[in-house]
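Hi,

Here is the model I promised to pass along.

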Number of protein chains: 2
Amino acid sequence: MVTAPRDSRERRVTVRDVAAHAGVSQATVSQVLSGSRPVAEETRARVLAAVQELGYRPNHFARALRQQKSHTVAIVVPNITHVTYPMVARGAGEILGPLGYQVALYDTNGLRATEKQIVRTLTDRMVDGAIVFGYPLAPSDARMLQESGVAVVNGSPGSESSPLWDTVQVDETAALRYLTRTLAARYDGPIAYIGGPSGHNTAPRREAGFRAGMQDLTLATDPRLTTSAPYTWAGGRSALTAMLEAGLRPRLVVCANDMIAIGAIAAAREYGLDVPGEVAVSGYDNIDAAEMAVPPLTTVEASPFEQGRAAARLLLERMTDTYRGPARHLTLSAEPVIRASA
Amino acid sequence: MVTAPRDSRERRVTVRDVAAHAGVSQATVSQVLSGSRPVAEETRARVLAAVQELGYRPNHFARALRQQKSHTVAIVVPNITHVTYPMVARGAGEILGPLGYQVALYDTNGLRATEKQIVRTLTDRMVDGAIVFGYPLAPSDARMLQESGVAVVNGSPGSESSPLWDTVQVDETAALRYLTRTLAARYDGPIAYIGGPSGHNTAPRREAGFRAGMQDLTLATDPRLTTSAPYTWAGGRSALTAMLEAGLRPRLVVCANDMIAIGAIAAAREYGLDVPGEVAVSGYDNIDAAEMAVPPLTTVEASPFEQGRAAARLLLERMTDTYRGPARHLTLSAEPVIRASA
DNA sequence: TTGAAAGCGATACCAG
DNA sequence: CTGGTATCGCTTTCAA
């Protein structure tokens, strides 16, 4: 039995080898491969044959060193384990991968310090572009990236108005407004809202949507029925429990995310209230658990895949200089998903 | 107002600049930075000062070209949107990031063809190492990676015995065996098992665990109560419904994953059976929805973060040549998470 | 239409 | 202890 030598990293085939084999110069080989200048059909064929025969594969570092382009795109997110980011990453990868871009993942862990660190790494590594999701990029960081020639697309609530970078957004306000309007028209009685923690990026936007929806129907919002909670099951459960304990009986509870909503359903159930018979509940995000909830949760579905794809497309145009105009701001709308809970 | 010139990519500071500034040779600068040979304390200080002053940052491509090392690790997974992979990626990133490694994400989309394609990309891009999760790597691909000097760690059921690469495993069989034994001892009556789809990697391992657990208690498994379903809510629901329709009344249903289990709970509930009063149900994976289920789901928690960290550590030792012995196989155990459903 | 040769920016060998 | 310089593999002028 033949054993491959340990660490047999054979010398790779280079342009030089191909050139020799085809009886042309390195320059010609390069030109044939990149199409950067016309080459006689006959030599072209000879070069391609040699490439085939020798199994030539270009060296990315040499290329990158020469061209100052890495063919790498960074995806920067606060926490890759949060449901939407993997989908965004996949959407972006779908577009970028087949075009030869490597997708590098950077998780800031929600820390500004880590974020700064990462921005330095990105310029050091000369990524061609960065897709930043989850929070608006600090202007100083954005400047730094811009100055190193890194294209940036930001996808996160609150980055809309920046003239510094292209953005991809989901209009959370509009989505929750529409959902609120639709559901509020269906139920007679007090309407409650359990929002996200103040300080969280998305919280004010979603709350604004709720309020706008109420206003559309000229309904007043009752402050005792408008509260906030951590974006968790426990948060939703205790928020609704508190209202019920206080003797309040909302007929509909609009929640800022699905985990809060599923927690609220639990609270209602513990109180012996039927969902949606006595209390209707809605969420936002359409996480896996929403479909499996009892009853299945009415919610809102943003399209993270499409956000990722869209971001990648905008970025591509920047990286290839296909587009070089002012910052573009793309807004996608989120769709209501009506299930049994409301 | 001062406007930065468009695309003002200023020339980066190089070793040459630092050398000139410090009045030493390029070689010395390089040596100081890498510590690869002793340098007089005084010159050392001068060089470091120059580095500071000029804001020198090394060029990764030049380095990579010279050393044939990219300081990049690839994480290859079949589908980044599946719960566990982001956690694995994060665990690995936690270890690798601070050490200066870039983590590149590759999603094979579950396709062998894409996988082959990716392996080529990895060797082209000269990644130093690859962490492959989700399926055993094809031997031909493994060979190709090995030959290009790419270190590999495989984390997936079914790769244990390979002498070709290090592995990180979770002992699913042991976990389900233990869970089965624990739960079966608690309930009097028929015990059912809803497994994953045959053909799926994990299905036979989990089923083996169930059977072993039954055997431990010298309980016989009833073929009519042992079935399989897609790894989905709908799959679990219809599998249990089918049993109930057939007049079977399992007292405990052990399921191969959480989605099946939550579906089974739904089926029981639709049949007017109390969980866990009349039917107890358990799952596997401890997904978010498990905690939010009604009743909260008893399940098994593998530790994907730790798998990621462990894989990264093994890989590091290979990449740095700290370890160069035969393939190592690390097994982590998964913990039962007892909640109200069983 | 093609070739020769100058870099890109770092490292590592060989001298001194 | 330090300096000069060849080299990694490719792209891209400049000349022919």
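Across the interface of chain B and chain A there are 20 residue pairs in polar contact, both partners at pLDDT 80 or more. A polar contact here is a pair of N or O atoms within 3.5 Å, where within protein one must be able to donate a hydrogen and the other to accept it, and residues adjacent in sequence count only if both atoms are side-chain atoms. Please keep in mind that this is a predicted model, with local features needing pLDDT of at least 70, side-chain atom pairs counted only at pLDDT 80 or more, and totals for chains, interfaces and linings using all residues. Side-chain values use heavy atoms, without hydrogens and water, residues are numbered from 1 along each chain as its sequence is written, and chains are lettered from A and ligands numbered from 1 in the order in which they are written.

The two chains also share six salt bridges (a side-chain nitrogen of Lys or Arg within 4 Å of a carboxyl oxygen of Asp or Glu). One of them joins A:Arg57 and B:Asp124, at 2.7 Å from N to O.

As for extent, each of chain B and chain A brings 55 residues to the contact (heavy atoms within 4.5 Å). About 4,800 Å² is buried between them, 55% of it from carbon and sulfur atoms; this is the accessible area (1.4 Å probe) lost on putting the two parts together, summed over both. In chain B, the biggest losses of area to chain A fall on B:Phe61, B:Arg125 and B:Met292, together 18% of what that side buries.

Best wishes
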